[in-house]
Amino acid sequence: MATIRALSLILSVLSIITLLWTQSGECNNGRRLGDAVDTDFSGFSVPLEHSFEVDDVPRFRLRGALQFRGGRENSVYLSQNQLSEKDRTILKDVAAVDGLYRIRVPRVSLQVDRQTERQSEGYLTAFVRACSLVESHLSDVITLHTDVSGYVIGISIVTIPGSCRGIEVEDEVDLEVFNTTISVVAPVTAPAPETAPYIERMEQEMEKKGKNPQEQKSFFAKYWYLILGGAVFLMATSSAQTPPGGAREQS
Amino acid sequence: MAWLVLRLAISVSLLYTASAVFEDQVGKFDWRQQFIGKVRFALFDTHSQASKKLLVATDNNVFASLNSRTGDLFWRHVDKTGPEGHIDALLMYGQDAVVVVGNGRLLRSWETTVGGLKWEAVLDTGSFQAAALVGVQDFVKYVAVLKQSAISLHDLSSGNQIWVENLPDSDTVQYQTIYSGGNGLVFVLGFVPNSHIVIVEYKIEDGEIMKKKSVEAAWMSSLENSCAVISSGILLCVDQITQSLYTLPLQSAEQTEMRQIHLQTLDLEVASGFQPVLTSTQPNPAQPPLAEFFLQLSPDHHILLQLKDGLIAPLRDFNPSYLAAFATSGEKTVAAVMSPKNDTACSINLFSADTGRRHLDTTIIYHMDPNGGKPNRLYVHAFLKKDDSVGYRVMVQTEDLTLTFLQQPGRVVWMREEALADVVTMEMVDLPLTGTQAELEGEFGKKADGLLPMVLKRLSSQFILLQAWMAHLWKLFYDARKPRSSVKNEVTIDTLSRDEFNLQKMMVMVTASGKLFGIDSKSGTILWKQYLQDIQPNSIFKLIVQRTTAHFPHPPQCTLLIKDKDTGLGSLYVFNPIFGKKSHISVPALPRPVLQTLLLPVIDQDYAKVLLLIDDQYKVTAFPSTKNVLQQLQDTASSIFFYLVDSSQGKLSGFRLRMDLSTELIWEVVIPTEVQKIVAVKGKRANEHVHSQGRVMGDRSVLYKYLNPNLLAVITESTDTHQERSFVGIFLIDGVTGRIVHEAVQRKARGPVHFVHSENWVVYVYWNSKFRRNEFSVLELFEGAELYNSTVFSSLDRPHPPQVLQQSYIFPAPISTLEATLTEKGITSRHLLVGLPSGNILSLPKMFLDPRRPEVVSEQSREENLIPYAPEMPIRTEWFINYNQTVSRVRGIYTAPSGLESTCLVVAYGLDIYQTRVFPSKQFDVLKDDYDYVLISSVLFGLFFATMISKRLAEVKLLNRAWR
């Protein structure tokens with residue numbers, strides 16, 4: 001591990017740092033390159049290896065170093081070399097035969113304190129079609145996925161655009177430096193049934209009803225005066241009719 | 001006001017989804033079959049002559065009463081699964097059946113006529129050994145239960161415990177048998193292996209130990225299987241090594257060692273390697289057993305022996321004989337013996353037990369099913385005829401769990417296929433075309449050979465069609481004259497043909513015992529069955545439809561992969577799913593364990609889909625592997641990817657096929673097993689169609705679905721089971737690139753997780769360990785407002801991760817299984833079919849499981865017909881698609897599309913099988929049953945004539961005007 005760390009340090013100092021990163025999802029507060037230079041190396045780094053061979057038998061070489069910084073937000077930086085002249089030609093050849101460009105990282109835990117208790121065994125691999133990498137001018141998006149406890153469980157690589165249309169690529173300029181977006185993604189917490197807001201909403205509805213007593217009143221309570229008025233009117237009209245007859249009887 | 005609108009919206013939406021069966025539709029297109037499983041105990045009710053009851057207790061923890069005349073169930077009690085509900089013993093006396101359940105945990109008494117529980121007693125802990133009825137003075141009053149270290153006596157009428165006594169030296173002595181001869185004593189027999197037998201004598205009244213003695217028996221290794229009590233309390237044992245019988249009177253005080261009788265003196269010999277079996281009979285528990293007994297010397301050799309005056313004499317030798325059993329009716333005890341007659345039939349004969357003489361005219365011929373297994377159990381029901389002779393019926397159980405009930409002279413009264421109680425997997429296959437349809441189809445298949453022959457061919461096939469139509473009309477006319485009830489379309493294998501809407505299909509069911517069934521989905525009739533011999537009991541089955549019925553004249557073809565669970569070694573069985581016949585296609589040998597199978601859309605020249613089998617060295621075997629197929633595979637190798645799951649290491653890995661049929665590892669995802677373990681991985685169903693690419697939103701924009709056919713849903717469960725820290729993990733991984741598309745953790749959750757993965761959504765159910773309830777969660781994936789590439793989907797070219805929406809709901813019931821409906825074109829809205837432990841199947845509209853259900857209703861959400869979010873999922877009884885036809889222990893639901901877009905065929909299987917049709921969006925493409933044809937046609941005709949008349953009138957008027 002120490003050699004790798006030293007290597008990465010040398011790399012970061014000597015090589016032209018061409019890395020680029022953005023913030024990923026909700027767990028990675030991306031920082032600009034300038035910050036990275038003066039950061040303390042309290043984290044650790046792991047090698048990122050790649051392989052592209054015309055015969056399609058993987059032979060992994062160092063592509064760069066992933067530097068993790070401990071702490072809550074799993075921020076990651078990638079420092080990587082330029083592609084050499086030889087690599088460029090190989091990559092173009094591989095792309096021509098529709099070969100694969102593979103990358104791999106060792107299985108590690110991003111929790112710094114767990115580094116010692118668990119040594120990595122085995123690698124996590126992913127691939128992308130070499131032609132799409134060439135056609136996208138080496139612009140790729142690498143995502144490291146971790147599980148709940150911070151172990152890296154998977155790596156994925158996509159190029160943007162991802163298609164292979166057979167476009168001729170001017171070499172030298174376009175295939176020299178990787179334009180990589182790297183991020184770490186931790187699992188999101190799936191939502192539980194939201195009872196509290198629902199109950200709150202129900203209560204609000206109830207309150208609304210409570211505030212507006214008009215709606216709660218019964219039919220009689222609402223219209224008692226009309227009914228009473230109607231009844232009085234009826235009585236009045238009927239009593240107005242009876243007097244003549246009654247009067248006649250009396251007479 | 002808003003509330004009112006909201007409620008209105010809900011009720012309108014419910015009105016739309018509400019679907020229940022009308023009373024007169026019951027049984028019209030659905031059926032249920034109830035099963036019991038492998039019979040452990042079967043007792044005939046000999047209480048009265050007219051009784052039709054047959055009591056059975058089975059390995060599936062089912063206790064039931066069958067009608068012995070028809071084979072139907074009178075009643076059935078389904079206990080808990082697993083050892084908790086295991087039925088240890090079944091005893092019957094008069095109207096009562098006493099059952100010991102759950103390794104001696106419960107003692108129950110059932111009333112046998114209606115199946116009501118009379119009493120139940122909870123027994124002390126201890127592993128169950130034996131149970132027996134105990135009689136005093138010709139009257140059975142008690143039931144004794146022997147456990148590892150105690151014996152208890154219970155009253156038969158109330159279940160009250162009379163006494164319980166600890167057994168002496170129970171830590172060294174293995175007590176196994178209990179015996180009572182009706183003389184006021186209960187004997188408990190135990191033994192110390194290869195040392196001695198212990199006999200303890202208890203007084204019935206108070207459980208006092210009267211006597212305890214031990215007898216030397218150095219040869220003894222098991223008491224239960226090799227010993228029996230016969231005659232007036234004489235213990236009889238048989239030993240294979242010393243080739244001897246041993247006798248010992250239980251009560252005698254003077255005899256302190258067992259008397260040895262060499263089998264040689266009887267001219268008998270036990271077959272080498274065979275554990276001889278003694279069968280005695282005790283017709284009345286209050287009286288000592290008979291002096292006659294069966295001794296089985298080899299798998300097909302029985303001998304009836306008699307103990308008389310301390311001497312054993314053979315009464316009759318049955319060689320060869322498969323099975324033998326005693327039966328008693330009244331005072332007479334008979335023995336039924338099954339002997340082979342020829343290759344396909346066995347004969348069963350009745351012998352009188354006390355003399356060994358054969359009863360005349362008592363032969364029953366039992367025809368063995370050539371596609372079935374050998375008989376392995378014989379249950380005899382003896383009865384007295386009017387002339388006081390003994391008549392009998394037998395029930396034969398075979399290796400493939402068929403129960404056959406026979407009566408003289410060999411008539412099969414009924415048959416039950418109990419293997420169907422344990423269906424493992426199934427498929428539905430379209431029925432073939434009728435002969436005439438096939439004739440027409442065949443015309444297109446043939447190469448054109450000139451104009452005239454083609455015309456003639458067409459004319460002749462049209463003529464055949466005409467002929468068939470006339471025959472059909474004639475049949476209709478003929479049937480119309482007959483009364484309705486007598487017109488019953490018997491489904492046989494010859495009359496099978498596809499109906500207009502492809503609603504009738506062939507259900508191919510694979511059962512755990514290794515028996516395959518072909519069942520007509522319309523009626524539930526078993527059309528063919530095939531027992532696969534020598535299948536390991538813990539095999540894994542995978543059924544693959546390689547060629548459907550659509551490729552006439554090639555017959556449809558199914559392949560069953562049978563894989564041993566321990567070794568992983570597999571074999572293929574290829575058959576025709578319509579007729580059940582084994583296909584003669586040469587099957588590749590599979591010398592290495594099979595890890596994964598893959599059915600490719602690539603077809604060979606005979607239209608069979610290619611099946612790839614990947615072994616543990618990642619080598620690929622293709623089936624069929626003709627030159628044509630290999631050529632096609634070479635051409636497409638670089639686009640054939642597959643994945644493997646190793647849940648013990650938490651490893652998911654992806655491979656790509658190479659030209660030479662080797663493979664290369666291309667991606668790897670490792671989920672550490674210390675934290676969580678993979679419990680299930682599911683892709684999407686290959687025959688699923690999605691009609692709509694997106695969803696129209698309230699503002700008329702479209703939200704496109706992320707329809708990745710290679711997406712895998714991986715479910716994990718945490719190893720930490722503490723209720724606060726346990727979780728369920730959901731990973732959506734692309735099966736081609738290994739890219740983790742989405743990763744979520746459901747906290748405070750525990751399995752078992754049931755889930756469905758379809759279209760652009762995953763629905764899963766888990767147990768919330770904090771709130772102690774079941775919860776549903778739905779994940780939906782969308783590409784967004786724009787499609788990346790609308791013409792074709794490629795996992796290799798889809799760089800942008802999808803938007804994932806998720807919502808969870810409370811489900812107020814436990815769940816047994818989950819499945820989604822499936823229709824021909826995917827236009828019909830989807831429903832989830834939820835199998836509940838209560839036996840109901842709930843058809844839950846997917847509409848309720850929509851992560852876009854809004855918290856607050858807005859104009860747009862109303863426009864979109866979204867139901868406002870409510871945390872609790874409703875369960876409406878009208879959503880139960882099987883009304884009162886509950887499916888016990890539902891284990892799986894299978895859905896298949898029919899020819900009608902609105903209709904989905906559903907089969908639920910568990911202990912029972914239930915088949916029905918569901919209409920998730922109602923029958924929008926079918927006219928209602930009560931459609932008024934008369935009205936519509938009279939209106940049509942009326943209008944027609946009205947136009948005619950008015951036209952005429954108009955003409956006349958025009959003419960008149962012209963004359964004017």
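Two bridges join strand E10 of chain A to strand E52 (residues 740–747) of chain B, and these strands run parallel. Two strands are said to pair if DSSP finds at least two bridges between them. Helices (H or I, at least four residues) and strands (E, at least two) are DSSP runs, numbered from the N terminus. Within this pairing, A:Thr189 stands opposite B:Val745 in E52(B).

Before we go on, a word about the model: it is predicted, so local features need pLDDT of at least 70 and side-chain atom pairs count only at pLDDT 80 or more, while totals for chains, interfaces and linings use all residues. Residues are numbered from 1 along each chain as its sequence is written, chains are lettered from A and ligands numbered from 1 in the order in which they are written, and side-chain values use heavy atoms, with hydrogens and water left out.

Let's look at the place where the two chains meet. Chain A brings 44 residues to the contact and chain B brings 46, where contact means heavy atoms within 4.5 Å. Together the chains bury about 3800 Å², with 57% of it on carbon and sulfur atoms. Buried area here is the accessible area (1.4 Å probe) that two parts lose on being put together, summed over both. On the chain A side, A:Phe127, A:Ile153 and A:Pro193 supply 16% of the area that chain A buries against chain B, more than any other three residues.

What holds across this interface in terms of polar partners? The rule finds 16 residue pairs in polar contact between chain A and chain B, both at pLDDT 80 or more. A polar contact is a pair of N or O atoms within 3.5 Å; within protein, one must be able to donate a hydrogen and the other to accept it, and residues adjacent in sequence count only if both atoms are side-chain atoms. Several elements of chain A give two or more residues to the side that touches chain B, among them strand E5 (100–106), strand E6 (123–129) and helix H5 (195–211). H5(A) gives the most, with seven residues. By type, the residues of this side of chain A divide into 23 nonpolar, 11 polar and 10 charged. In this count, Ala, Val, Leu, Ile, Met, Phe, Trp, Tyr, Cys and Pro are nonpolar, Asp, Glu, Lys and Arg are charged, and the others, Gly among them, are polar.

The count of salt bridges between chain A and chain B is one. A salt bridge is a side-chain nitrogen of Lys or Arg within 4 Å of a carboxyl oxygen of Asp or Glu. Here the partners are the side chains of A:Arg102 and B:Glu664 (2.8 Å, N to O).

Now step back to chain A by itself. Chain A has seven helices and 10 strands, and 41% of its 251 residues count as buried. Buried means under 20% relative accessible area, exposed over 50%, and partly exposed in between (1.4 Å probe, protein chains only). Among contacts in chain A between residues at least 6 apart in sequence, 67% join residues at least 24 apart.

Over all chains, the count comes to 42 salt bridges. One of them joins the side chains of A:Arg104 and A:Glu49 (2.9 Å, N to O). A:Arg104 lies in strand E5 of chain A and A:Glu49 in strand E2 (residues 44–51) of chain A, so the pair ties together parts that are 55 residues apart in sequence. A:Arg104 counts as buried, at 18% relative accessibility, and A:Glu49 counts as buried at 13%.

In chain B, the side chains of B:Lys212 and B:Asp169 meet in a salt bridge (3.6 Å, N to O). B:Lys212 is in strand E17 (residues 209–216) and B:Asp169 in the loop between strand E13 (161–166) and strand E14 (174–179), 43 residues apart. B:Lys212 is partly exposed at 43% relative accessibility, and B:Asp169 is partly exposed at 42%.

Our last stop is B:Gln807, in strand E56 (residues 803–811) of chain B. B:Gln807 is buried, with a relative accessible area of 7%. Its side chain makes a polar contact with the side chain of B:Tyr809 (2.7 Å). Leaving aside neighbours within four places in sequence, B:Gln807 is in contact with residues including A:Pro191, B:Phe776 and B:Tyr869.
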